[in-house]
Amino acid sequence: MESDLARIGISLPSNLLDKFDQIINARGYSSRSEGIRDAIRTYITYYQWMADVHGEREGVVTMVYDHDQRGLLVTLTDIQHEFNKIIKASLHSHVTHNRCLEVILVRGDGADLKAFAERLMSQKGVESVKLTTIQVEE
Ligand code: NI
């Protein structure tokens, strides 16, 4: 279990903090700190789960991004061409005038799938990337 408490100071865009506050209020957290601790635990669990993705896998990458972010469309296309050996198909939905949702069907070595998802995730203007996979061999 966690024991010693350390204090940190973080800077956030105010609209991000507003959204976070709305969620923690709706979920009934007693404080922002409690919500942030929970968010960090979820992030760690997700990352550890991603690190477990290995062997032959098939799955989907779900990505939401800002269509208006300068250069992002070209960059995302370049990354997909670079990883063309693992991409089987993709589906694009123009959600609003500037937000896009893309679902990419992937198959290959888990490490490659994870590297692909992480590359997408690290681009500025990409709001979220989720990788969900299943093992090919039972
Ligand atoms: Ni679009």
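Which residues is Met 121 in contact with, leaving aside its neighbours within four places in sequence? They are Met 50, Val 126 and Val 129, where contact means heavy atoms within 4.5 Å.

## Basis of the model

This is a predicted model, in which local features need pLDDT of at least 70 and side-chain atom pairs count only at pLDDT 80 or more, while totals for chains, interfaces and linings use all residues. Residues are numbered from 1 along each chain as its sequence is written, and side-chain values use heavy atoms, with hydrogens and water left out.

## Overall layout

The protein has four helices and four strands, taken as DSSP runs numbered from the N terminus (helices: H or I, at least four residues; strands: E, at least two). Their order from the N terminus is α-α-β-α-β-β-α-β. The C-alpha trace spans about 45 × 40 × 25 Å along its principal axes.

Of the 138 residues, 25% count as buried. Buried means under 20% relative accessible area, exposed over 50%, and partly exposed in between, with a 1.4 Å probe and protein chains only. Among contacts with a separation of 6 or more, 67% come from residues 24 or more positions apart.

## Nickel site

The nickel ion has His 92 (NE2), His 94 (ND1) and Cys 100 (SG) as its protein donors, at 2.0 to 2.3 Å. Donors are N, O and S atoms within 2.8 Å of the metal (3.2 Å for Na, K and Ca); water is not among the atoms, so sites may look incomplete. Along the chain the donors follow the spacing H-x1-H-x5-C.

## Helices α3 and α4

Helix α3 (residues 72–82) and helix α4 (residues 110–121) have axes that come within 10 Å and cross at roughly 170 degrees. The axes are lines fitted to C-alpha atoms, for helices over the stretch in contact, and angles run from 0 to 180 degrees between N-to-C directions. The two helices are therefore roughly antiparallel to each other; angles over 145 degrees count as such, under 35 as roughly parallel, 65 to 115 as roughly perpendicular and the rest as oblique.

On the α3 side, Leu 76, Ile 79, Gln 80 and Glu 82 meet Phe 116, Arg 119 and Leu 120 of α4. By class, this contact has four nonpolar, one polar and two charged residues. Ala, Val, Leu, Ile, Met, Phe, Trp, Tyr, Cys and Pro count as nonpolar, Asp, Glu, Lys and Arg as charged, and the others, Gly among them, as polar.

## Aromatic pair

A search of the whole structure finds one aromatic pair. Phe 83 and Phe 116 form this tilted pair, with 5.2 Å centre to centre and 50 degrees between the planes. Rings of Phe, Tyr and Trp (its six-membered ring) pair if their centres lie within 6.5 Å; planes under 30 degrees apart count as stacked, over 60 as edge-to-face and the rest as tilted.

Phe 83 lies in the loop between α3 and β2 (87–94) and Phe 116 in helix α4, so the pair ties together parts that are 33 residues apart in sequence. Phe 83 is buried at 15% relative accessible area, and Phe 116 is buried at 0%.

Met 63 lies in strand β1 (residues 56–66) and is buried, at 0% relative accessibility. Met 63 and Val 126 are 63 residues apart in sequence and 7.5 Å apart in space, C-alpha to C-alpha.

Met 121 lies in helix α4 and counts as partly exposed, at 34% relative accessibility. Met 121 and Val 61 are 10 Å apart, C-alpha to C-alpha, across 60 residues of sequence.
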